[in-house]
Amino acid sequence: MFRTSVLVAFSLLASVYGQQVGTQQAENHPKLTSQHCTKSGGCTAAQTSVVLDSNWRWLHTTSGYTNCYTGNAWDASLCPDPAACAQNCALDGADYSGTYGITSSGDALTLKFVTGSNVGSRVYLLQDDSTYQLFKLKNQEFTFDVDMSNLPCGLNGAVYFVEMDKDGGTSKFPNNKAGAKYGTGYCDSQCPHDIKFINGEANILGWNGTSTNSGAGQYGTCCSEMDIWEANVNAAAYTPHVCTANGLTRCSGTQCGDGDNRYGGICDKDGCDFNSFRMGDQTFLGKGLTVDTGRKFTIVTQFVTADNTTSGALTEIRRLYVQDGRVIQNSNVNIAGIDPVNSISNNFCAQQKQVFGDQNYFATLGGLTKMGQALDNGMVLALSVWDDYAAQMLWLDSSYPTDKDSSLPGVKRGPCPTTSGVPADVESQSPNASVVYSNIRYGDIGSTYSTTGSGGGGGPGTTTVSSPGGTPTGGAGTVAQWGQCGGIGYSGPTACVSPYTCHVLNDYYSQCY
């Protein structure tokens with residue numbers, strides 16, 4: 001996710017945190033079924049669940065109820081130093097629905113924006129009660145359904161992968177007794193300083209309260225990040241961010257890349273984004289548009305390798321949508337100086353950065369090759385809803401930076417006004433905002449989505465492929481790049497426009513590329 005400074009996007013109800021385990025509130029993870037799919041065997045359901053990030057949890061003394069953190073300050077008697085604080089303080093179970101507005105039903109997860117005094121939330125997918133589900137997605141695809149019709153300007157319903165430890169850090173850091181069961185071990189490419197415990201120790205050194213309920217410590221927590229979906233009803237982006245280090249790395253000083261040192265740290269904070277509005281198609285995604293964000297739809301992200309194997313180098317990240325029983329190809333770039341492509345590649349990133357006048361730190365830190373290494377190592381799925389105290393979400397849905405002429409290429413990212421997204425306004429005017437994520441599937445390319453029914457699917461099926469303008473590519477003639485060119489039940493043309501050829505992805509779907 002793109003943030004220009006320390007993320008203080010969330011107002012936290014209890015405003016307390018920890019690493020030991022409390023016993024005042026039972027921890028019961030909301031069940032959320034997911035599916036693993038293969039070309040040969042279809043999709044198999046897994047009884048997964050979600051866990052609330054530890055930064056939201058009540059932190060108190062291990063022997064009582066005294067808060068270790070109140071407002072935006074630590075209790076100096078309980079937290080005289082980072083190690084002692086981790087020993088003296090325990091984080092407790094969560095009331096998911098009552099306190100945080102988090103509910104699940106079958107394969108659907110609802111995150112409410114404001115519940116009581118709590119604003120925003122972040123959860124992770126669990127394989128079991130003490131282990132995060134680890135995703136290795138090279139030569140694979142990841143698919144889910146979303147209803148974001150209730151997310152206005154200034155909000156972000158985010159689905160993304162981060163290179164967290166599978167156990168939440170318990171094996172590496174003995175001071176961390178809570179682990180994945182209590183949502184510990186977060187990191188991302190922004191190297192956030194607001195995480196209260198990093199590597200099993202409290203982040204109290206140099207702590208500065210930056211808002212009523214949050215602050216920033218000396219250390220940040222960094223790792224590679226793959227933003228599958230950052231969006232509200234007006235705009236959306238998908239973005240790989242890479243870091244030079246493998247897995248969670250605690251940073252300090254220059255390596256965090258803060259402030260004027262943005263392009264000197266160990267992570268690429270900008271990333272290489274594909275936002276249809278920013279890339280020149282302002283009629284593709286939004287209410288009533290080609291991808292109608294006023295209703296539920298399906299998002300498919302494919303991680304393509306050089307040799308179409310899981311061991312090959314990552315070369316491309318593709319995006320498809322499914323709505324109303326049809327596959328919609330991602331919009332094509334319509335910016336002078338950038339090839340009219342509809343996916344992310346190193347070449348696309350280089351052209352985009354040059355035309356937009358942005359530094360290509362993504363390439364400096366390894367580009368898609370480095371992103372592929374993170375996917376090899378395995379990444380944890382995060383799902384969240386948040387507002388932005390750093391930049392009002394203008395980098396997603398408005399003109400940004402605000403001191404640049406909005407007519408310059410790349411400045412306009414969405415239709416929202418530059419006065420929108422102020423957290424106090426969003427929280428008071430849209431407290432009932434929410435997002436629903438459902439039908440999470442992952443597996444072989446072409447195996448996770450169907451076009452039977454409206455907005456969803458769980459396996460292979462017949463497909464009608466549409467271009468960004470909504471015109472089917474089937475029928476007489478040839479098939480455009482990324483269009484369907486074969487498969488059981490398919491009756492359209494099988495020849496691809498030059499120089500593309502038809503590739504069999506599974507029995508039900510072949511694609512031109």
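Q: Which residue does the side chain of Arg250 meet in a salt bridge?
A: That would be Glu201, at 3.3 Å, N to O. A salt bridge here is a side-chain nitrogen of Lys or Arg within 4 Å of a carboxyl oxygen of Asp or Glu. Before we go on, this is a predicted model: local features need pLDDT of at least 70, side-chain atom pairs count only at pLDDT 80 or more, and totals for chains, interfaces and linings use all residues. Residues are numbered from 1 along each chain as its sequence is written, and side-chain values use heavy atoms, with hydrogens and water left out.

Q: Thanks! Where do Arg250 and Glu201 lie?
A: Arg250 is in strand β25 and Glu201 in strand β19 (residues 201-202), so their pair ties together parts that are 49 residues apart in sequence. Strands are DSSP runs of E with at least two residues, numbered from the N terminus.

Q: What ring does Arg250 lie over?
A: Arg250 lies over the face of Tyr219, 4.0 Å from the ring centre. For a charge to sit over a ring, NZ of Lys or CZ of Arg must be within 6 Å of the ring centre and within 35 degrees of the ring normal. Arg319 also has its charged end over a ring, that of Tyr238, at 4.4 Å from the centre.

Q: How many salt bridges are there in the whole structure?
A: A search finds 13. One of them joins the side chains of Asp145 and Arg441, at 2.9 Å, N to O. Asp145 lies in strand β16 and Arg441 in strand β32, so this pair ties together parts that are 296 residues apart in sequence. Both Asp145 and Arg441 are buried.

Q: Which strands hold Phe144 and Tyr437?
A: Phe144 is in β16 (residues 140-147) and Tyr437 in β32 (residues 434-444), so they tie together parts that are 293 residues apart in sequence. Phe144 and Tyr437 are both buried. They also belong to a cluster linked by ring pairs, along with Phe135, Phe142, Phe161 and Tyr442.

Q: New topic: which residues of β4 are buried on each side?
A: In strand β4 (residues 49-52), Ser49 and Val51 are buried on one side, and Val50 and Leu52 on the other. In a regular strand the side chains alternate between the two faces of the sheet.

Q: What strand is β4 joined to?
A: Four bridges join β4 to β13 (residues 121-128), and the two run antiparallel. Strands pair if DSSP finds at least two bridges between them. Leu126 in β13 is the bridge partner of Ser49.

Note on methods:
Buried < 20%, exposed > 50% of the residue type's maximum accessible area, 1.4 Å probe, protein only. Phe/Tyr/Trp six-rings, centres within 6.5 Å; stacked < 30°, edge-to-face > 60°.
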